[in-house]
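Have the sequence and the 3D view open as you read.

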Amino acid sequence: MVNKIFSNISSINAFHSKFLLPELEKRMQEWETTPRIGDILQKLAPFLKMYGEYVKGFDNAMELVKNMTERIPQFKSLVEEIQKQKICGSLTLQHHMLEPVQRIPRYEMLLKDYLRKLPPDSLDWNDAKKSLEIISTAASHSNSAIRKMENLKKLLEIYEMLGEEEDIVNPSNELIKEGQILKLAARNTSAQERYLFLFNNMLLYCVPRFSLVGSKFTVRTRVGIDGMKIVETQNEEYPHTFQVSGKERTLELQASSAQDKEEWIKALQETIDAFHQRHETFRNAIAKDNDIHSEVSTAELGKRAPRWIRDNEVTMCMKCKEAFNALTRRRHHCRACGCVVCWKCSDYKAQLEYDGGKLNKVCKDCYQIISGFTDSEEKKRKGILEIESAEVSGNSVVCSFLQYMEKSKPWQKAWCVIPKQDPLVLYLYGAPQVSKHLLDGGLKICRARVSLFH
């Protein structure tokens, strides 16, 4: 474990203490007669490539320290005890591990400053210039590690803000953008305050947590970048809106200004493009349709969370075209396609892949596509309560409007049918024209199935 954490640090230390430092100290003593360091650096700079091995294993070393601290109490206790010592300068083990990574960029910076102040006709100019070229090559690797370390620190801060509930502290994760946003509700026209964390591989959709201490946000949804689409939307009442559609969920968001909206769309799209460039094997599967049309395709039904059409955007069922009302024909959303449908067109359930295979309410069209049931199979499965209205009314012993009353409720009008296939049962419906798909239970189209036997 010690070798995995500290790599070849002992060799790096030996090089500095036995070669580079003694050479420089000796030259400082001879500076009056030999005012140059370029020749020393040019001779020893190639050995600085040994930092490459340390930098290469830096990410794994940091991850190893993190895992051991979490899993091995003795290791955590020992590290904390050492960190308290005065020689550590109140710095953590991780900070000390970063020091060798920062060493080469510091050499590069100092050598550049040395060359700026060195006269061009100096005897040390050429040697110093060549030394800088060698050191700059080694520094490029170290600079990358420094950026990763800074990113890791930011991930730790966000991890604490989320109540240490989301496992985001990973060297492969990179924070792209964060900020407040408003989310438009599907069931009404209200806008709710939310907070977004955009990473290179996911978008965290968070709700502010009002607390004086501890975490600041609760993660409501994690939307993967893979398969994500960004669409600019138009809303007269709510300006600066755009839609984020992912496999897990589709969100309609409102930015604070046109510039904020542009920045979010740009950041999201660039993140999506970068993600797919890193995963070229998925390129053929990426949808290239940039049309504003946001309906989920037939192939994606159940696999991608749809955008819910808001209730105030439709006045009638998007399937049977019957007008909505607050009592007998309320609005429902199909969890597969996002359409607003009445209850008679949404009384189906199917397993949706994007929701972990759970059963969700879907419309008849989506149910048949996802489950593979045909109309004939569906009738057989549902039985007499799925027989169309024409069949029931045309093959009935008697059918007409009747008034009925339940307990203390007022009298209500219902379409009553006694079918020939089941003459000992009275079926009550809201109206003859809306009972094309007869559904049982509650005050739905089929209000009751009353046995006449008693």
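## Strand 6, inside and out

Which residues of strand 6 are buried on one side, and which on the other? Thr241, Gln243 and Ser245 are on one side, Phe242 and Val244 are on the other, and all are buried. Buried here means under 20% relative accessible area, exposed means over 50%, and partly exposed is in between (1.4 Å probe, protein chains only). Since five of the five residues of strand 6 (residues 241–245) are buried, the strand is largely enclosed by the rest of the structure.

A quick word on ground rules: this is a predicted model, where local features need pLDDT of at least 70, side-chain atom pairs count only at pLDDT 80 or more, and totals for chains, interfaces and linings use all residues. Residues are numbered from 1 along each chain as its sequence is written, and side-chain values use heavy atoms, with hydrogens and water left out. As for the strand and helix labels, they are DSSP runs numbered from the N terminus: helices are H or I with at least four residues, strands are E with at least two.

## The sheet around it

Strand 6 has a partner on each side. Strand 5 (residues 229–232) pairs with strand 6 in the antiparallel sense over four bridges, and there Glu232 stands opposite Phe242. Strand 7 pairs with strand 6 in the antiparallel sense too, over five bridges, with Phe242 opposite Leu253. For two strands to count as paired, DSSP must find at least two bridges between them. Strands 6 and 7 form a hairpin, with four residues between them.

Zoom out and you get an open sheet of seven strands in the order 4-3-2-1-7-6-5, with antiparallel pairing. Strand 4 and strand 5 are the edge strands, each pairing on one side only. On average, neighbouring strands of this sheet are turned by 35° against each other, direction ignored. Elsewhere in the sheet, strand 2 pairs with strand 3 (residues 202–208) in the antiparallel sense over four bridges, and Leu198 stands opposite Leu203 in strand 3. Helix 9 (residues 258–278) packs on the sheet, touching strand 1 (175–184), strand 2, strand 5 and strand 6, and its direction makes about 125° with that of strand 1. Such angles run from 0 to 180 degrees between N-to-C directions, using axes that are lines fitted to C-alpha atoms, for helices over the stretch in contact.

## A buried glutamate

Now look at Glu252, which is found in strand 7 (residues 250–254). Is Glu252 buried or exposed? Glu252 is buried, with a relative accessible area of 7%. Not counting residues up to four places away in sequence, Glu252 touches several residues, including Leu182, Thr241, Phe242 and Arg310; a contact means heavy atoms within 4.5 Å.

Glu252 also makes polar contacts. Its side chain has one of 3.3 Å with the side chain of Thr233 and one of 3.2 Å with the side chain of Arg307. A polar contact is a pair of N or O atoms within 3.5 Å; within protein, one must be able to donate a hydrogen and the other to accept it, and residues adjacent in sequence count only if both atoms are side-chain atoms.

## Rings that meet

The structure holds five aromatic pairs. Rings of Phe, Tyr and Trp (its six-membered ring) pair if their centres lie within 6.5 Å; planes under 30 degrees apart count as stacked, over 60 as edge-to-face and the rest as tilted. One of the pairs is Phe197 with Phe217: the centres are 5.8 Å apart and the planes are at 80°, so the pair is edge-to-face. Phe197 lies in strand 2 (residues 191–199) and Phe217 in strand 4 (residues 217–224), so this pair ties together parts that are 20 residues apart in sequence.

Another pair is Tyr348 with Tyr367, where the centres are 5.3 Å apart and the planes at 35°, so the pair is tilted. Tyr348 is in strand 10 (residues 348–352) and Tyr367 in helix 10 (residues 364–371), 19 residues apart. Both Tyr348 and Tyr367 are buried.

## Another enclosed strand

Finally, visit strand 14 (residues 425–429): five of its five residues are buried, so it is largely enclosed by the rest of the structure. Val425, Tyr427 and Tyr429 point one way, while Leu426 and Leu428 point the other way. Three bridges join strand 14 to strand 13 (residues 412–419), and the two run antiparallel. Tyr427 is the bridge partner of Val417.
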